[in-house]
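Subject: The model for you to look at

Hi,

Here is the structure I promised to pass on.

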2 protein chains.
Amino acid sequence: MKVIVLGGDGFCGWPTSLHLSNLGHDVIIVDNFSRRAIDIELGADSLTPIRPMATRLKAWKETAGRSMGFVNLDVSRDFAGLVELLRREQPGAVVHFAEQRAAPYSMKSARTKNYTIRNNLCGTHNILNAIVETGLDIHLIHLGSMGVYGYETAGLPLPEGYQTIYLKDEEGGLLEREIIYPPRPGSIYHLTKTQDALAFQFYNGNDGLRITDLHQGIVWGTQTDQTVRDERLINRFDYDGDYGTVLNRFLMQAAIGYPVTVHGTGGQTRAFIHIQDTVKCIELALENPPAAGEPVHILNQMAESRRLRDLAEMISERMGARVEFVPNPRNEAAENELVVKNEKFRSLGWKPILLSDRLLEEVEEIVRKYRERCDVSCIPCESLWTRGHKPGAPENGGLS
Amino acid sequence: MKVIVLGGDGFCGWPTSLHLSNLGHDVIIVDNFSRRAIDIELGADSLTPIRPMATRLKAWKETAGRSMGFVNLDVSRDFAGLVELLRREQPGAVVHFAEQRAAPYSMKSARTKNYTIRNNLCGTHNILNAIVETGLDIHLIHLGSMGVYGYETAGLPLPEGYQTIYLKDEEGGLLEREIIYPPRPGSIYHLTKTQDALAFQFYNGNDGLRITDLHQGIVWGTQTDQTVRDERLINRFDYDGDYGTVLNRFLMQAAIGYPVTVHGTGGQTRAFIHIQDTVKCIELALENPPAAGEPVHILNQMAESRRLRDLAEMISERMGARVEFVPNPRNEAAENELVVKNEKFRSLGWKPILLSDRLLEEVEEIVRKYRERCDVSCIPCESLWTRGHKPGAPENGGLS
């Protein structure tokens, strides 16, 4: 199938593009390199030496014998270009990673809040609008986030997108309804994902668009079966306070002798998934599109839930690092339970990679191999959720 | 109190500005004249001869002896200008009408869809972000829409913003929760209002912003106690297929001998409010702000529900016009019941103006007085919700 991967140069987009190409799909990557531009802005480069797009594509051609297309286009600004691209390529599916994806960056400043809102909301809407405009029957697969649910679940397992509720009628009888799970976003980034979900519901209902929305957990790991095949194919690895996802940050910190810094009590429980499973889940979503007339498919794309302080302790024990608790820059519950349903992907045959599997070692190897590229000043999270909060940095500045 | 009225040149914004000024508030109007620009784009002018802003302000000064400020600013694009304005003026409240407000226009073309999304979402977010950025304790009053609820209420009355629901735990016990009423927008315009609601919830929770969101019914009428005081203060009156609200359109059609065109069966039941009550409700919202730490106030700003074909028949009888049923350009249920709670405004002492009151006559006078300004070619609604729909025009072209 011809598949366009929007944001195909990014942390999830690049390995997904390789995986889909490897499966035999005809992949066209669309990216405006906004993530690389933010690297420059933050002065925080990928730990791994990611190559320019042309080098990546050449390496893939040499390694796998397969070509991928590339178009430099800002999905959030170039509606006409997007329509023209869809008309020309007539893809069967579009995979949409083209959003600003870091919660801390989305809370960093007034400017980054505005950027995240405009980029993500106009981008997602442009895609929906462009699909309608072309009249093509394109399956849209969007990367959402587990964070749209909020984390005040009060002991009930999180369903997959839809929640059965009951209303009391005037005689006290119960009426059953199914609704989109009431969202409770915890950052501007997560807010945009909940706003996207409303746009999906509308375009699905009004125009019959076929849409899959994947509520993904926190991604860990860096390499996939394809990115390891040549060093020029290496995936990015973020360890900085804004873009570094928590488990990868912990591993990086441990590898360089920096304290494993836990925000708040570490009682926050979150959902996790390995990057290798991200690409596998996209494959499964692509192979199992909604039928015409079906509501938006919403799947939880996560392998397991873990409490952050337990993760920190696990890494501390494995790698001999010290754990340090720092003020939480985020405005969130100090402690929460989290039980998440993921039967939909499991019913498609998915067997998730768990933290207890051997892949933690691979990440340790990566962080040890490239540790000289690390700039420790980038590690603390300095994006504050509100003015009253303090930065999530160790009091002694880290290395000591 | 110093009050900034964003979109203060528009159909609701202008009479609200006059009303608040009349009450003694220090009013500053902000507008970028986007609505007048759309008049030009559509070739459909206000039936009433609205004057330039400078003339309006001069007339108000001469009539009421009160000055209002004016700033030409695009709230959706000029974040820095907005922050500077708030810092300079330090308003106690901001009333936010600065959104593209016509459902048909929002569905007119790919371009107007994109415009509505960008203008409304970036505009609303800029305001929230600017309030946080200045650190000022500003009460934000936003005009939402009854349309955010959707109209599949299955016999239950629509609550005011929040809905009590029950979840079943694993033993079948009921857990009570209160959620924002699950939205079901029927157009891109309504979609933006539901997306706004999520932004309000986030900024209220994360930053403690004090916000009132008013879910307003369909506005009818044109004049208020202030706009009638001088012809130069006259409010706009839209009768075209995109911006003309249904009751005003019916009255206009009847006045010029055009058939009263009902979309579909006319079984759609909708909520209505007179423009005089719009301004009264804003006054009440302004006087009753949320306390610090309170959730977003959501009030239903509507007087009564009416079925559209009943309205058409009422006007047909009063004015001797013929009713014609035309294909419905919208993608919506053909028939619906609608019972809406409006206890919150009523508890503040509001006594709504009803259609049975005498104000229909006043609208008839307006449409008769200015009927020579009407361009009948603007009357049919040619904005189609989907490609399969047909324009809502009489088959014989109207006048015959």
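A question to start with: does Asn32(B) count as buried or exposed? Asn32(B) counts as buried, because there are 21 C-beta neighbours inside 10 Å. The cut-offs are these: a residue is buried if 20 or more other C-beta atoms lie within 10 Å of its own, exposed if 12 or fewer, and partly exposed in between, with C-beta atoms placed from the backbone.

Before the rest, some housekeeping. This is a predicted model, where local features need pLDDT of at least 70, side-chain atom pairs count only at pLDDT 80 or more, and totals for chains, interfaces and linings use all residues. Residues are numbered from 1 along each chain as its sequence is written, while chains are lettered from A and ligands numbered from 1 in the order in which they are written.

Back to Asn32(B). You'll find Asn32(B) in the loop between β2 (26-31) and α2 (34-42) of chain B. Helices (H or I, at least four residues) and strands (E, at least two) are DSSP runs, numbered from the N terminus. Leaving out residues up to four places away in sequence, Asn32(B) touches Asn72(B), Leu73(B) and Asp74(B); contact here means C-beta atoms, placed from the backbone, within 7 Å.

Now chain A as a whole. Chain A has 12 helices and 14 strands. Its radius of gyration (taken over C-alpha atoms) is 21 Å, close to the 21 Å that the globule rule gives for 400 residues, so chain A is as compact as a globular protein of that length. That rule is 2.2 Å times the number of residues to the power 0.38. Along the principal axes, the C-alpha atoms of chain A fill a box of roughly 65 × 60 × 40 Å. Of the 400 residues in chain A, 55% are buried.

Next, the sheet. Seen in order, β3-β2-β1-β4-β5-β8-β12 of chain A make an open sheet of 7 strands with parallel pairing. Two strands pair if DSSP finds at least two bridges between them. β3 (69-72) and β12 (297-301) of chain A are at the edges with a single partner strand each, so one side of each has no neighbour in the sheet. From one strand to the next, the twist averages 20 degrees. β2 (residues 26-31) of chain A runs parallel to β3(A) and is joined to β3(A) by 4 bridges. Gly69(A) in β3(A) is the bridge partner of Ile28(A).

Helix α1 (residues 13-22) of chain A is mostly covered, with 9 of its 10 residues buried. Among them are Trp14(A), Leu18(A) and His19(A). The buried residues of α1(A) pack against β1 (2-6), β2, α3 (53-64), β4 (93-96) and α9 (275-287) of chain A. After α1(A) comes Gly24(A), with a positive phi near 105 degrees.

Finally, how do the two chains meet? The contact takes 36 residues from chain B and 36 residues from chain A. On the chain B side, α6(B) gives the most, with 11 residues. Chain B superposes on chain A by a rotation of 180 degrees with 0.0 Å of shift along its axis (RMSD 0.0 Å). The two copies are therefore related as by a two-fold rotation axis. That superposition is by least squares on the C-alpha atoms of residues with pLDDT of at least 70 in both.

Cheers

Methods
Axes are lines fitted to C-alpha atoms, for helices over the stretch in contact, and angles run from 0 to 180 degrees between N-to-C directions. Two residues are in contact if their C-beta atoms, placed from the backbone, lie within 7 Å.
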